[in-house]
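Have a look at the structure with me.

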Amino acid sequence: SLVASISAIGLSFALYPGDSRAQLRTAIAIVSLAIFINMLGSIPVTYFQARLTMRYAAIAEVTGRIVTFGLLILVVAFRYPLNLVFAAVGVGYGVSALINYLFARDIVRRPSRPDIALTKRLLLDAAPLGLALVVNSIYFRVDTVILSLFRSNAEVGWYGFSYRILEIVVVLFGLFILSSF
């Protein structure tokens, strides 16, 4: 959520004070914004799941991953700064989100009136899953934070780059499994 992104940016100033860690704080801000864009882009996926049209989500996800991978190759090939690695991921998330919303434009054009009672019930029912997702995200990202406390920004960047490639492969297999069942 936007609150989590803003909290992460604020926490970065407490964890990494001083001018020597400014680049790291910028990276945290970029990643926080990218995660927020990714969350917004996943909203139409629920619609696709309900309509059994996950092919649209798969097209969006694969396209975003291809864009991310291509941009990462350019960043590495031209030795661009580390923060552009994170920006490349954000652009990939943005591409996926844009494609998801283009495929789901019929629900965007005609939003329904919110049912407050239903919304409250759904939020209460979804809270445990949401908490599990937050804990899972922290679990899969804490290694980078810990590594950044003991290693240089360049080493953390290379670690993040290799981890991103692993995530791309995992998502592709996950999409295959999701479409099979």
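I began with the lining of the largest cavity, where helix 4 and helix 5 (83-103) each supply at least two residues. Helices here are DSSP runs (H or I, at least four residues), numbered from the N terminus. The model is a predicted one: local features need pLDDT of at least 70, side-chain atom pairs count only at pLDDT 80 or more, and totals for chains, interfaces and linings use all residues. Residues are numbered from 1 along each chain as its sequence is written, and side-chain values use heavy atoms, with hydrogens and water left out.

On a 1 Å grid over the protein atoms alone, a cavity is a set of points where a 1.4 Å probe fits but cannot get out, a pocket is an open set with protein on both sides within 12 Å along at least five of seven lines, and lining residues have an atom within 4 Å of a point.

How many cavities of 30 Å³ or more does the structure hold? I found one. The largest cavity has a volume of about 50 Å³, and I noted Glu 61, Arg 65 and Arg 164 among its lining residues. A volume is the space filled by probe spheres set on the points, which are joined across faces, edges and corners.

Next I looked up the second largest pocket, with a volume of about 220 Å³. Its lining includes Val 75, Tyr 80 and Trp 158. Helix 4 (54-77) and helix 8 (153-180) are the elements that give two or more residues to this lining, and helix 8 gives the largest share, five residues.
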